[in-house]
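Trainee: I would like to go through this model and ask where its descriptions come from.
Mentor: Go ahead.

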Amino acid sequence: MSEAAVSEAGPTPGVDGLVDDWSADKQTYHVPWGKAMMWIFLVSDTFIFTCFLTGYLNVRLTTTQPWPPQSEIFALSFGGDPIPLILIAIMTFILITSSGTMALAVNFGYRRDKVKTFWFMVATAAFGASFVGMQAFEWSKLILEEGVRPWGNPFGAPQFGSVFFMITGFHGLHVSAGVIYLLTVAFKVRKGHYEKKGYEIVEIAGLYWHFVDLVWVFIFAFFYLL
Amino acid sequence: MSSEAGQQHPLGIYYKIWVLLFVLSSFSYAVDFFNIQGGMRWGLVILFMLLKAGFIVAIFMHVMWERLALIFTILGPPIVLLLLIGFMSVEGFYTSGTRYQYMGHDPNAVALTPSDLHGGEHAEEEHVEEAH
């Protein structure tokens, strides 16, 4: 097995490769260090968000007051009857769209197409910013019109407010940080900073962005739909 | 497919996954829109959620093309979180059970909706206008 470990065709694939990667006295992960570090960060962030969602699970199970009806609370009316959860659905589609544009930016980065990479990253950041804007709208509607507070609300279990503000707030903070991160990398791409270094940085920024989308998939399901 | 050469794949797969994520999101929104309740709601929402999460991680985050050493590092540790979720739900059901049993709360209480609150206000305003 060992003689095949570093052949000219690259490291051994599959389970043999797994054994090689871990047993040889050398670098384990065949990725740029920045990418490995981003993955470590994302795994730790997974733990944070799962702890929040598990905390939500626990307070929702143990509260003796009825849980407020999310579908009606997050309904929005465009002139006619309120449409249930419509703003959240739009936010979900916006975040998915931004994940798509990010995937394209990564691809064009590796093709060394600076202009397209720049514009797809800017588009991704713009979708992210509009997501945060809608979240600000949602928060102010909930706080000012419905009177939801972290310690209580007029509908039912007071834990609803604390869970809502903590989880969506922490996610919104991630999106906001992502917008800044993406714009920073995008402008450096346009200036040609990565011509020599390579365009892995676009993929690393992309990993962070897709993770933010991934977290929203779980928040959308557990907080808004169930 | 070595990562050192970068994750370079045809654009087609990204477009397909993109469309698929839109479709799956529409499905989970439809579950709420058509007011499906009970076990069916939980089953469908969690199914669409896991499919979406799987496609994002596998394709958009390129995990399916990574080497096993990295894949296990990414997907291994979060498995212990399932244990946490399991423990906390067992504990949660026990706590709520004892609260309902010994503290006199009503397990069938129904939450108020925005229309209960705002609808009530409007009804009152109309009533006041009539009185004048």
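Mentor: Start with the contact between the chains in this predicted model: chain B gives 55 residues and chain A gives 58 residues.

Trainee: What makes helix 1 of chain B roughly antiparallel to helix 2 of chain B?

Mentor: Their axes come within 10 Å and cross at roughly 165°. Angles over 145 degrees count as roughly antiparallel, so helix 1 of chain B is roughly antiparallel to helix 2 of chain B. Helix 1 of chain B passes helix 2 of chain B in a left-handed crossing.

Trainee: Which residues meet there, and how do they divide by class?

Mentor: In helix 1 of chain B they include Ile13(B), Leu20(B) and Phe27(B), and in helix 2 of chain B they include Leu44(B), Phe48(B) and Phe55(B). The residues of this contact divide into 15 nonpolar, two polar and two charged.

Trainee: What is the secondary structure of chain A?

Mentor: Chain A has eight helices and two strands, in the sequence pattern β-β-α-α-α-α-α-α-α-α.

Trainee: Why is chain A called more spread out than a compact globule?

Mentor: The globule rule gives 17 Å for 226 residues, and the radius of gyration of chain A is 22 Å, well over that value, so chain A is more spread out than a compact globule. The C-alpha atoms of chain A fill a box of roughly 70 × 40 × 25 Å along the principal axes.

Note on methods. Residues numbered from 1 in each chain as written. Chains lettered and ligands numbered in written order. Predicted model: local features only at pLDDT ≥ 70, side-chain atom pairs only at ≥ 80, totals over all residues. Helix = DSSP H or I, 4+ residues; strand = E, 2+ residues; numbered from the N terminus. Rg over C-alpha atoms; globule rule 2.2 N^0.38 Å. Contact = placed C-beta atoms within 7 Å. Axes fitted to C-alpha atoms, helices over the stretch in contact; angles between N-to-C directions. Parallel < 35°, antiparallel > 145°, perpendicular 65-115°, else oblique. Left-handed = near helix turned anticlockwise from the far one by under 90°. Nonpolar A, V, L, I, M, F, W, Y, C, P; charged D, E, K, R; others polar.
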